[in-house]
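Welcome! Take a look at the structure first, and then we will walk through it together.

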Amino acid sequence: MGVVVIDGSTVRSFVEDEEQFKKTIDERFAALDLNNDGVLSRSELRKTLESMRLLESHFGVDVVTPQEELTSLYDSIFEKFDTDQSGSVDREEFRSEMKKIVLAIADGLGSCPITMALDDDEDNLLKKAADLEASKLEKKAS
Ligand SMILES: [Ca+2]
């Protein structure tokens, strides 16, 4: 279990580092595309969102959301991702929507740092953002 402190600028600089962000998102896309057909289906996308734990938790604090409500939330999110309404989400769609989501998180955080408790092995985008910033600070310091 580790603790990271992040604020809006941490998250924003993660997105603005386009190469790193694209790499992170592409890795995630590949990991989610379970049947390797190059697109994410509704259930594949749902797994992503569940792994981000954006809806089930408020920055580390678990909140209980009824299953029905979750399903309709996931459906509406899928429709947002699937901008050309093809019934699946391709890499481009995924990348551009993830960018919007992460930037919205950055706006939500603003300049108020929050502390997140994370399992070390947790694959969490916000943790990645914090790690990236930490490694940049280390580089500057050395
Ligand atoms: Ca797929």
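Which residues of α5 are buried? They are Phe94, Met98, Val102, Ile105 and Ala106. Please keep in mind that this is a predicted model.

**The helix itself**
- Helix α5 covers residues 91-109, which makes 19 residues.
- From its first C-alpha to its last, α5 reaches 27 Å, close to the 27 Å expected at 1.5 Å a residue.

**Two sides**
- Phe94, Met98, Val102, Ile105 and Ala106 are the buried residues of α5.
- These residues lie on the same side of α5 because they cover an arc of only 105° around the axis.
- An α-helix has 3.6 residues a turn, so residues three or four places apart point the same way.
- The other side of α5 carries exposed residues: Glu92, Ser96, Lys100, Ala104, Asp107 and Gly108.

**Neighbours of the buried side**
- Helices that the buried residues of α5 pack against include α1 (8-16), α2 (18-32), α4 (67-81) and α6 (125-141).
- The buried residues of α5 also pack against the strands β2 (39-40) and β5 (89-90).

**Meeting α2**
- The axes of α2 and α5 come within 10 Å and cross at roughly 125°, and the two helices are therefore oblique to each other.
- The crossing of α2 and α5 is right-handed.
- On the α2 side, Lys22, Ile25 and Phe29 take part, and they meet Arg91, Phe94, Arg95 and Met98 in α5.

Methods:
Residues numbered from 1 in each chain as written. Predicted model: local features only at pLDDT ≥ 70, side-chain atom pairs only at ≥ 80, totals over all residues. Helix = DSSP H or I, 4+ residues; strand = E, 2+ residues; numbered from the N terminus. Expected span 1.5 Å × (residues − 1). Buried ≥ 20, exposed ≤ 12 C-beta atoms within 10 Å, placed from the backbone. Arc of directions from axis to C-beta. Contact = placed C-beta atoms within 7 Å. Axes fitted to C-alpha atoms, helices over the stretch in contact; angles between N-to-C directions. Parallel < 35°, antiparallel > 145°, perpendicular 65-115°, else oblique. Left-handed = near helix turned anticlockwise from the far one by under 90°.
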